[in-house]
Amino acid sequence: MRVRRLAAWTALPLAVTLGLVACGSGGGSGSGESDPNAAVRIEIAEPQHLVPTNTNETSGSQVLSALFSPLVDYDEANKPHEVAAESITSEDNTTWTIKLKDGYTFHNGEKVTAENYVDAWNYGAYAPNGQNSSYFFEKIAGYDDLQGEKPSANTLSGLKKVDDLTFTVTLSEPYSEFKAMLGYTAFYPLPKAAFSAPGVLAEGYEQAPIGQGPFKMKGTWQHDAKVEVEKYDAFPGEQPKVAGVEFRIYQQLTAAYADVLSDNLDVIKTIPTENLSTAATDLGDRFQQSPASTLQVLAFPTFQKEFSNPDVRKAISMAIDREEITRSIFKDSQQPARSFVSPVVAGYRENTIGAAGEFDPAKAKALYQAAGGPSKITLSYNGDGGHKDWIDATCNQLKANLGVDCVGNAEPKFADLLTKVKAKQPVGLFRMGWVMDYPSMENYLGPLYSSNGSSNYYGYSNPEFDKLLAEGASAASEDEAIKKYQAAEDLLAEDLPVIPLRYGQNNFGHSTKVKNVEVDLFDRVNLLKIEAVK
Amino acid sequence: MFRFIVRRLLQMVVAFFGTTLIVYALMFAGQGDPIQALAGERPVTAAQRAYLTEKYHLDATGIGGFFYRYFDYISNLLRGNLGESLTGRSIGDILADAWPVTIKLALIAIAVAVIFGVTAGVLAGIRRASIFDNATLLLTLLVLGIPTIVLAPLAQYFLGVKWQLFPPTSGANPDFYALLLPGIVLGSLSLATALRLTRTSVAENLRADYVRTARSKGLPRRRVISVHVLRNSLIPVITFLGVEVGNLMSGAIITEGVFNIPGVGFNLFRGIRTEDGPLVVGIVSVLVVVYLVSNLVVDILYAVLDPRIRYE
């Protein structure tokens, strides 16, 4: 199911980066006095959908983050804390009790109740509704009954309303980090007004979504132009510091960049590649960077004989100068990676691959020859994602440092590449990218490296690794879970089924008219923090 | 004349089917899994798969199935139903939103080309080999040599960002002033071509026998140029501008993208970028009709402008 996440990254490498807040205050130009009556203008692309369970790209999710308030948000250590929820508790990691805070109302005046969550999640999980984010509910008991052409049920058996402000979620198997999932867009509630009949979304809801968040819609969604929201006065949570937000729709980032330069737009979430080298001069301290959740790796088809020896894989890793490539090809818009999880999740440790991450051509060559690595290496990638430059650079390094022949092989699309890999055709090493679904180490390990992981394309299978992941999922506390996951990551470091290469980074900028600009874990501007300058 | 128009209309029908068939085939037939192609790179659930199979008649396979689907699409198209984009918006609505701004932009571009291009062309033609003539030659060569993809961002950077003479982007519901810069950029290529065409045509006609006759009859120079020379010289220019209008109506992918104008080209580009097959095919089908009609109008204009040009 998560193939899309990989694919999205490949198609629009700069548009989908998710990111972590830059801790502390944002804008350097934050000297001006804050103006609570002003609106700010933020760049987005045309959202695909504005229904929580159908929104899985960053533009739609940015708009929804204004209209809805999540159950949990993440603190500076990337751990979840309650926002719209009063408490989220479980004794066995299987049955979770979610208590809602009192006082929340939808923008049409409806009181937010447990039923609103249950209805919205049932709608999202029901396969015939074709919701893009429905797989977020797959851990909930009864999900399978809602799948297929004619599902046998239309509500999740794992969702039970207890009273107006309490409901329970039963998972099909224990999962210690369920709470961390709940900060995602898919888990917002829907008002009664969103449905024209039970389980049927009202026509036109998407054009002016009604949420329970700090902002409400001002008018309707003006396609290809803008979505405007204004402060919702009855919002009981943390108040935003601006009167409204105009999400302005751009087709090309370069246009948005020109607007930021001339103060016609306040925030651009991704500086276009062609402007990266000049952004620091153009914007000064209004150009900012923060770590993002994406991880770029080179994967080995471990089922192929020539790559089955871990020493071969280690040697190749040691022959790559990551710093050189991030500097010369990516102009420091990405960071060298030496771990299997991104720095944006709790439990991240630097340099878990150890010696395999040290650039050492002499050692690499000796190890490579001793292990009998192949004399010709192919690096496969998708030709539509702007990967040619770094693949070629990596190839040149391998040629020079290992004395092997190396060629890059472009497949038209990432899906074509995956089809070949799945059919076990000899494509050589291939590139992969990963964008997390929710901030958890498990999300970086389970789908990618467990024996039956949905995106395990390299044929990696390690029973001990699988066991550690299962123990992590049923661990009594988050901290214990993290310990198990870290032990699992250490196993990966020994086997090295993929070589971590680079972490993504948010490269954003803002105009002189705003301050305290922060971009959060899901590549959204933090709308509660941003301030307009008088 | 009537027979000519009828014959052209019949040709248009053939051209319409030919081009839409090619576009449809390129977008959908070459893909291994047409359902996956329809859904882009998103995962397709079993339920979506069944829904799309039914909606697009994918149960019929092979060449026969392809033509079945194509004719189904065309019959919807002829009834004015352009279908829905993958995000569920009606393509008819998208085009209705996009066209007004594209047409405004095209009109500005054409006006720029006519006002500056034709005037300067006439002057250059009259004062052949003067400094003005040589200067315009150099300038137009420069403009023709710079692709829009370079010209548009440069104009935006210098005139919009650096010197702040124009708004750097137009955005939704732009006013005339906001569209002026993109209009000039878009029109500059037509301007240069129109200028060269007018200049050559005027210079040539000035040496024609009928001009010498008019002069020897003692007509004032102004009258010779404005009545005799100009009318004859504008025929190729108007033909060119007619075709250009058709071109501009189909939207300018680059210019609309650079200046963030939500017109037809902007939507077409989005369709291509997000692999929205139905959106691309829908827009292109309509553009085919626009091109065919504008070409027909140009052909008819030939006859209207120059009575010597007769169709049979």
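**Exercise 1. State which elements cover the buried residues of H10(B), and identify where helix H10 of chain B is kinked.**

Step 1. The cover over the buried residues of H10(B) includes helix H5 (91–126), H8, helix H9 (209–216) and helix H13 (277–305) of chain B. Helices (H or I, at least four residues) and strands (E, at least two) are DSSP runs, numbered from the N terminus.

Step 2. The model is predicted: local features need pLDDT of at least 70, side-chain atom pairs count only at pLDDT 80 or more, and totals for chains, interfaces and linings use all residues. Residues are numbered from 1 along each chain as its sequence is written, while chains are lettered from A and ligands numbered from 1 in the order in which they are written.

Step 3. Among the buried residues of H10(B) are B:Ile225, B:Val229, B:Ser233, B:Leu234 and B:Glu244. A residue is buried if 20 or more other C-beta atoms lie within 10 Å of its own, exposed if 12 or fewer, and partly exposed in between, with C-beta atoms placed from the backbone.

Step 4. Helix H10 (residues 221–249) of chain B has a kink of about 45°, centred on B:Leu230. The bend at a residue is the angle between axes fitted to the seven residues ending there and the seven starting there.

**Exercise 2. Describe how H7(B) and H8(B) cross and which residues meet.**

Step 1. Two packed helices are described by the angle between their axes and the distance between the axes.

Step 2. The axes of helix H7 (residues 148–162) and helix H8 (residues 176–206), both of chain B, come within 10 Å and cross at roughly 145°. Axes are lines fitted to C-alpha atoms, for helices over the stretch in contact, and angles run from 0 to 180 degrees between N-to-C directions.

Step 3. From H7(B), B:Thr148, B:Leu151, B:Ala152, B:Ala155, B:Leu159 and B:Gly160 meet B:Leu181, B:Val185, B:Ser188 and B:Leu189 of H8(B). Contact requires C-beta atoms, placed from the backbone, that lie within 7 Å.

Step 4. The residues of this contact between H7(B) and H8(B) divide into seven nonpolar, three polar and no charged. Ala, Val, Leu, Ile, Met, Phe, Trp, Tyr, Cys and Pro count as nonpolar, Asp, Glu, Lys and Arg as charged, and the others, Gly among them, as polar.

**Exercise 3. Determine whether A:Val63 and A:Asp145 are buried, partly exposed or exposed.**

Step 1. A:Val63 lies in helix H2 (residues 58–67) of chain A. Because 27 other C-beta atoms are within 10 Å, A:Val63 is buried.

Step 2. Leaving aside residues up to four places away in sequence, A:Val63 touches A:Ile44, A:Pro47, A:Leu50, A:Val227 and A:Phe247. A:Glu246 is 183 residues away along the chain, yet its C-alpha atom is separated from that of A:Val63 by 9.5 Å.

Step 3. A:Asp145 belongs to the loop between helix H3 (114–125) and strand E6 (159–163) of chain A. A:Asp145 has 17 other C-beta atoms within 10 Å and is therefore partly exposed.

Step 4. From C-alpha to C-alpha, A:Asp145 and A:Lys226 are 39 Å apart in space, and they are 81 residues apart in sequence.

Technical notes. Two residues are in contact if their C-beta atoms, placed from the backbone, lie within 7 Å.
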